[in-house]
Amino acid sequence: MKTQVKADLMLVLVTLCWGISYYLMDLCLREMGSFNLNAFRFLGAFAVAGIVAFPKLKGVNKTTLKYAFWIGLSLVFVYMGATFGVMYTSLSNSGFLCALTVVFTPILGFFIKKQKPERKMVAIVAVCFVGIALMSLNEQLKPALGDIFCLMCAFAYAVDLLITEAAVAKEEVNAFQLGVFQLGFTGIFMLILSFIFETPVLPSSPAAWGSVIFLAVFCTGIAFIVQTIAQQYTSAAHVGVIFTLEPVFAGIVAFFLAGEVLLPRAYFGAFLLVAGLLLMEIDLKALVAKFNGKTEEG
């Protein structure tokens, strides 16, 4: 199995965790403020990673810390958008709209880094955009207030992916250290905002404690470290397309745990997202060449 495919499969598992996270955030937000929740999950993830892998974090250099700072700042806007989105729109919608990262990433890459996307990637982005639109827009084709927050999340995460791609391409940047320290910076920023705008509290019920611990360990700590390491072997545009599976997982969780039912067109939109991911992973030129070779032999 090619290294890039392995990296992409790791990212699919990350996406599964994030699909579950919308339902868990909804549970936690009944007892905690948005900034409070995010401070808890990111500082908790940083603490766990620091304890488990402390020897690997010693000797971190300034370049790694610099990029961790900027990635952490971008993640503040990502999770402001995601948590406020969950508060003001449906779980399904929040998951679907946050997946518009797949559209913003190649657009920003083109304007900022002059990365001209391949025709195949343009086609995949178009398919994913239609899929997300079918899953998220209402009959009047209008987004709710929470949908606007989710769009901010998607845009900010596209920025995060491009910064991460630039960071891991540098020899002096340690991908594992970058993945851990970005958690710490994000947590500190969120804690400051929580003290300014909220009254920080701890979860009060077993359900909220279980949810916030899962969010901290799996959806934040492990997920972001895996994403950072995996991005050494794949592109930001690839990551953006893989993350279109997030709304599919979010929709499945919302259906079974929160009882949300989608319109038929939304399910067709989910099909398009999965089709886009498969199209990205399949090397069409190699398949055509292999098929032509077998035809000539026959």
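1. Axes here are lines fitted to C-alpha atoms, for helices over the stretch in contact, and angles run from 0 to 180 degrees between N-to-C directions. Helices themselves are DSSP runs (H or I, at least four residues), numbered from the N terminus. A word on what we're looking at: this is a predicted model, where local features need pLDDT of at least 70 and side-chain atom pairs count only at pLDDT 80 or more, while totals for chains, interfaces and linings use all residues. Residues are numbered from 1 along each chain as its sequence is written, and side-chain values use heavy atoms, with hydrogens and water left out.

2. On to helix packing. Two packed helices are described by the angle between their axes and the distance between the axes. For helix 4 and helix 8 (residues 145-168), the axes come within 7 Å and cross at roughly 160°. That makes helix 4 and helix 8 roughly antiparallel, a label for angles over 145 degrees. Their crossing is left-handed, meaning that the near helix is turned anticlockwise from the far one by less than a right angle.

3. Next, helix 1 (residues 3-28) and helix 10 (residues 206-230). Their axes come within 9 Å and cross at roughly 155°, so helix 1 and helix 10 are roughly antiparallel too. The crossing of helix 1 and helix 10 is left-handed.

4. How many salt bridges does a search of the whole structure find? The search turns up one, a salt bridge being a side-chain nitrogen of Lys or Arg within 4 Å of a carboxyl oxygen of Asp or Glu. The partners are Asp26 and Arg30, with 3.3 Å between the closest N and O atoms. Side chains of opposite charge can pair when their charged atoms come close. As for exposure (buried is under 20% relative accessible area, exposed over 50%, partly exposed in between, with a 1.4 Å probe and protein chains only), Asp26 is partly exposed at 22%, while Arg30 is exposed at 60%.

5. Aromatics next: the structure has 20 aromatic pairs. One of them is Phe69 with Phe189, edge-to-face because the ring centres are 5.4 Å apart and the planes sit at 85°. This pair joins distant parts of the chain, with Phe69 in helix 4 (residues 62-88) and Phe189 in helix 9 (residues 175-197), 120 residues apart. The cut-offs: rings of Phe, Tyr and Trp (its six-membered ring) pair if their centres lie within 6.5 Å, and planes under 30 degrees apart count as stacked, over 60 as edge-to-face and the rest as tilted. Phe69 is partly exposed at 31% relative accessible area, whereas Phe189 is buried at 17%. There's also an aromatic cluster made up of Trp18, Phe42, Tyr79, Tyr157 and Phe224.

6. Lys56 is worth a look. Its charged end sits over the ring of Phe176, 5.4 Å from the ring centre; the test is NZ of Lys or CZ of Arg within 6 Å of the ring centre and within 35 degrees of the ring normal. Lys56 belongs to helix 3 (residues 54-57) and is exposed, at 57% relative accessible area. From Lys56 to Gln177 the C-alpha distance is 7.3 Å, although the two are 121 residues apart in sequence.

7. Helix 6 (residues 101-113) has a run of buried positions: Thr101, Val102, Val103, Thr105, Pro106, Leu108 and Gly109. After helix 6 comes Lys114, with a positive phi near 55°. Ala236 is in helix 11 (residues 236-242) and is buried at 1% relative accessibility.

8. Ala266, in helix 13 (residues 264-281), is buried at 4% relative accessibility. Ser34, in helix 2 (residues 34-52), counts as buried at 3% relative accessibility. The C-alpha atoms of Ser34 and Val86 are separated by 9.9 Å, and the two residues are 52 apart along the chain.

Notes. Helices (H or I, at least four residues) and strands (E, at least two) are DSSP runs, numbered from the N terminus. Angles under 35 degrees count as roughly parallel, over 145 as roughly antiparallel, 65 to 115 as roughly perpendicular and the rest as oblique.
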